[in-house]
Amino acid sequence: MSDPVRLQLLKQIGSADHVEGLRSLRDQVHEQMEALLPTHPVEQFNEQINEVHDAVIRRSINLAEAEMARLGKGSPPVPYAYLLFGSGGRKEQTLSSDQDSGVVYEDPVSDSADVKQYFKELSQIIVSNLQSVGYPPCEGNVLSSNSEWCLSLSEWSRKLDHWFDEPAWEAVRYLLIIADGRCIYGESRLVDALKDSFFTDMLNHPIILQRMLDNTLRHKVLVGIFGQLLKERYGEDAGSLDIKYGAYIPMVNSIRLLSVQVGIRETATLDRIAMLVEAGQMSESDAAVYKQAFRLLLRLRLMTTEQKEDGLYANNGKLSSRKLTKEMTDELKSSLRLGKKLQRAVFKQTMGRLT
Amino acid sequence: MIKKTILALGIFTLLFPVAAFAEDPSAATLNMGLNSLWVMLSFVLVLLMQGGFILLETGSTRMKNAGHVAGKTIFTTGLAALVYWAFGYGIAFGGDSAVNALFGWGNFFFDPSITASEGDNYPSTVFFLFQLAFAAVSLSIAWGGFAERAKLSSYIVFTLFFVAIIYPVVAHWIWGGGWLAEDGAQDFAGSTVVHLTGALAAFVATVLLKPRIGKFNKDGSANEILGHNQVFTALSVLLLWVGWFGFNAGSTVAIGDGFFGFVAFNTMLGAGAGGVAALLISWAVTGKADITTMLNGTLAGLVAITASCAFVDPWAAVVIGLVAGVLVFYSVKFFEKIKVDDPIYALSVHGMAGIWGTLANGIFATQALADKVGIGTGGLIDTGSWKQLWVQFESVVVVGAFVLAASFLILGVMKLIIGFRVTEEQEIIGLDLSEHGAYGYPEQMKKPGHNIQN
């Protein structure tokens with residue numbers, strides 16, 4: 001997509017005045033972007049897609065605020081921030097990512113129940129707008145419309161304390177989700193404050209690292225001991241590779257764990273790698289190969305099978321090995337071996353920190 | 001207590017003086033008695049392997065067919081007993097025929113003497129039972145190819161022909177003094193006779209029946225139709241494993257100098273090696289230590305060592321088992337690739353491992369053990385001669401060709417005349433209901449129609 005066309009589109013997205021309009025703009029972008037993937041450098045491509053997603057999501061929030069006003073609910077009673085988690089938080093959305101979101105708002109001085117009610121209704125409209133634009137809601141219900149994920153700043157910090165105090169499997173998973181949180185709309189200082197209490201808690205609960213490590217290394221890199229790719233053996237995806245959980249997520253998880261240990265607040269994996277080098281946690285040469293490997297995984301992930309389900313853009317994260325050229329297969333194998341090496345390094349480094 | 005015992009014994013001695021002062025049995029009688037007991041015990045063990053097959057086949061298939069799968073094994077074992085008595089035994093071991101190289105003739109509707117004759121090692125009754133149990137095992141292996149879609153009537157028809165002709169002819173060739181026996185083919189307890197024969201019949205059946213509904217997708221990729229109970233499957237392997245000591249060690253049909261212990265020893269090593277190798281290869285290649293593969297590997301180790309258990313040194317038994325475990329893993333993948341649906345993995349476990357076990361004799365048999373058993377010669381490693389390997393190869397090829405041809409003929413004609421496969425509707429509701437009228441797990445399965453509101 002040439003820059004003028006893209007800027008034009010972004011402008012149109014920013015001024016769309018109803019959800020249907022946003023949807024048709026998104027559909028246009030998809031058509032154009034899909035054609036570009038094979039030729040464009042992946043980092044640039046990824047950046048552009050996420051720019052579009054961000055614009056679409058921001059506009060959906062604008063429209064929801066306007067809808068609230070039209071319904072006579074007024075404007076936001078206190079400042080708030082809309083957060084994206086997951087791939088949206090990491091600025092790594094594909095053409096078909098789902099919604100993972102939350103809201104943090106300033107502690108209300110009075111009428112906290114009314115304030116809560118306002119954000120609850122607003123979030124419901126935002127989530128449903130985004131659904132109309134084609135973003136399926138998160139299956140794990142990590143959504144701003146879920147009252148557990150739509151809280152005031154002090155409620156959030158109590159919640160974080162609670163998760164840190166009782167790091168059950170689920171709580172650890174939530175904490176790792178928070179680590180990827182990024183402000184997409186509203187007052188970013190609120191998200192900064194949320195992250196402050198996250199990292200303060202991290203320092204006060206070093207033992208959490210052990211639990212995070214267990215959770216982080218849960219997904220195995222799909223490469224066998226002979227260096228062969230471990231493909232799906234049965235079913236409609238037989239012969240496919242689970243790029244999402246067998247390649248991409250393990251690497252994301254590893255880099256995230258290294259980053260949160262040293263207080264890096266960047267959420268994008270490539271940015272995190274750069275910060276790790278800056279913090280002296282990773283050598284330049286290691287970082288270069290990890291970045292290279294991660295770029296390949298990003299590209300492959302963008303190539304995975306897309307399915308449109310009930311008008312939503314969905315994706316099972318699997319890539320038919322027929323779509324891979326010989327060179328890509330070889331490159332993937334070495335990237336996966338690197339992914340394994342990274343997991344071992346994360347294990348060693350984290351355990352070293354604990355003892 | 002002791003006083004009472006002594007008193008009782010005293011009274012018995014007075015009442016039955018003969019018991020106390022009877023003449024000692026001769027050494028020959030004792031020998032005969034011990035051998036008979038051993039063969040009888042082995043028969044019981046091999047018959048109990050049917051329990052293994054029931055659990056193996058049921059566990060590897062779906063709930064809706066459980067009652068059918070389990071019940072038909074018992075039924076066909078009973079039918080096999082009658083057929084083998086009336087005809088099969090006569091073909092295998094009945095006595096000299098004009099073409100003795102090809103089949104035996106005589107002793108139909110076998111009417112044995114009630115005790116062992118002078119000089120016999122055991123009465124012919126126990127030998128008959130032992131051989132019958134082998135035929136029934138081979139038959140149950142063949143059922144693997146029928147699973148989940150064959151009509152009940154086809155089981156009856158095939159039992160008749162398989163137990164009367166196909167199996168007995170092969171048994172005669174190798175064990176009954178037929179032409180392969182004269183060539184010195186080594187198959188101690190039946191890697192070829194029992195396992196390969198059953199597996200090839202299963203192969204023909206599964207090819208003629210075509211894959212189960214839903215096994216393969218249009219693009220040729222396979223779906224996994226998981227068995228409904230892995231605990232059954234694991235238990236079945238244990239039952240078969242235990243039974244195998246009757247199968248292999250019992251095939252000495254003698255207590256003699258305790259050689260049966262050595263045979264059992266090799267059997268154990270082969271089985272263990274098969275399971276270990278299969279688990280490791282599955283883990284290395286697919287990244288998952290698959291339980292079904294490991295179970296198949298254990299059985300493949302047993303199948304492979306069956307031919308060679310009396311002919312090889314223990315280290316070779318381990319090697320044979322290890323190779324069998326790896327072989328079975330790739331064989332399962334191979335059959336899936338060529339789109340042959342093998343629900344119970346009979347083709348891989350009994351077929352491929354049976355071939356390997358038979359050939360392994362030609363490689364690993366030692367001259368000393370071949371002399372001890374009195375069949376054939378040592379294999380390639382011990383003697384440096386290719387002779388035994390060639391004989392083994394010949395027996396695999398000839399038996400294979402015969403069983404394939406005969407099974408194709410019988411099942412093909414049956415398919416034309418009475419049909420082989422149940423209808424699509426019957427297959428989907430399950431054979432429990434379509435063939436027998438009641439589910440094996442009534443609480444878990446709803447009869448179609450029952451949930452329709454009237």
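Let's start where the two chains meet: nine residues of chain B are in contact with 12 residues of chain A, contact being C-beta atoms, placed from the backbone, within 7 Å of each other. On the chain B side that touches chain A, the residues split into three nonpolar, five polar and one charged. In that count Ala, Val, Leu, Ile, Met, Phe, Trp, Tyr, Cys and Pro are nonpolar, Asp, Glu, Lys and Arg are charged, and the others, Gly among them, are polar.

A word on the ground rules. This is a predicted model, where local features need pLDDT of at least 70, side-chain atom pairs count only at pLDDT 80 or more, and totals for chains, interfaces and linings use all residues. Residues are numbered from 1 along each chain as its sequence is written, while chains are lettered from A and ligands numbered from 1 in the order in which they are written.

Now the sheet in chain A. Four strands make up an open sheet with mixed pairing, in the order β3-β2-β1-β4. Helices (H or I, at least four residues) and strands (E, at least two) are DSSP runs numbered from the N terminus, and two strands pair if DSSP finds at least two bridges between them. The edges are β3 (150–152) and β4 of chain A, each of which pairs on one side only. On average, neighbouring strands of this sheet are turned by 30 degrees against each other, direction ignored.

What about β1(A), residues 80–84? Five of its five residues are buried, so the strand is largely enclosed by the rest of the structure. Buried means 20 or more other C-beta atoms within 10 Å of the residue's own, exposed means 12 or fewer, and partly exposed is in between, with C-beta atoms placed from the backbone. In a regular strand, side chains alternate between the two faces of the sheet. Here A:Tyr80, A:Tyr82 and A:Leu84 point one way from β1(A), with A:Ala81 and A:Leu83 pointing the other way.

Helix α3 of chain A (residues 42–70) lies across β1 and β4, at about 45 degrees to β4(A). Helix α8 of chain A (residues 188–204) lies across β1, β2 and β4, at about 65 degrees to β1(A). Axes are lines fitted to C-alpha atoms, for helices over the stretch in contact, and angles run from 0 to 180 degrees between N-to-C directions.

| Helix pair | Axis separation | Angle |
|---|---|---|
| α11(B) (291–308) and α13(B) (346–364) | within 7 Å | roughly 40 degrees |
| α10(A) (243–261) and α11(A) (269–278) | 10 Å | about 40 degrees |

The α11(B) and α13(B) pair is therefore oblique, and so is the pair α10(A) and α11(A). The cut-offs: under 35 degrees is roughly parallel, over 145 roughly antiparallel, 65 to 115 roughly perpendicular, and the rest oblique. α11(B) passes α13(B) in a right-handed crossing, whereas α10(A) passes α11(A) in a left-handed one. A crossing is left-handed if the near helix is turned anticlockwise from the far one by less than a right angle, and right-handed if clockwise.

In chain A, the residues that α10(A) brings to the contact are A:Val252, A:Ile255, A:Arg256, A:Leu258 and A:Ser259, meeting A:Thr269, A:Arg272, A:Ile273, A:Met275 and A:Leu276 of α11(A). That makes six nonpolar, two polar and two charged. In chain B, the residues of α11(B) that meet α13(B) include B:Leu299, B:Val303 and B:Ile305, with B:Trp356 and B:Phe364 among those on the α13(B) side. This contact divides into 11 nonpolar, nine polar and no charged.

Finally, two single residues. A:Leu222 sits in the loop between α9 (208–216) and β5 (240–242) of chain A, and is buried, with 22 other C-beta atoms within 10 Å. Leaving aside neighbours within four places in sequence, its contacts include A:Leu229, A:Leu241, A:Leu336 and, from the other chain, B:Gly287. A:Lys333 is 111 residues from A:Leu222 in sequence and 9.2 Å away, C-alpha to C-alpha. B:Asp371, in helix α14 (residues 367–373) of chain B, counts as exposed with 12 C-beta neighbours inside 10 Å.
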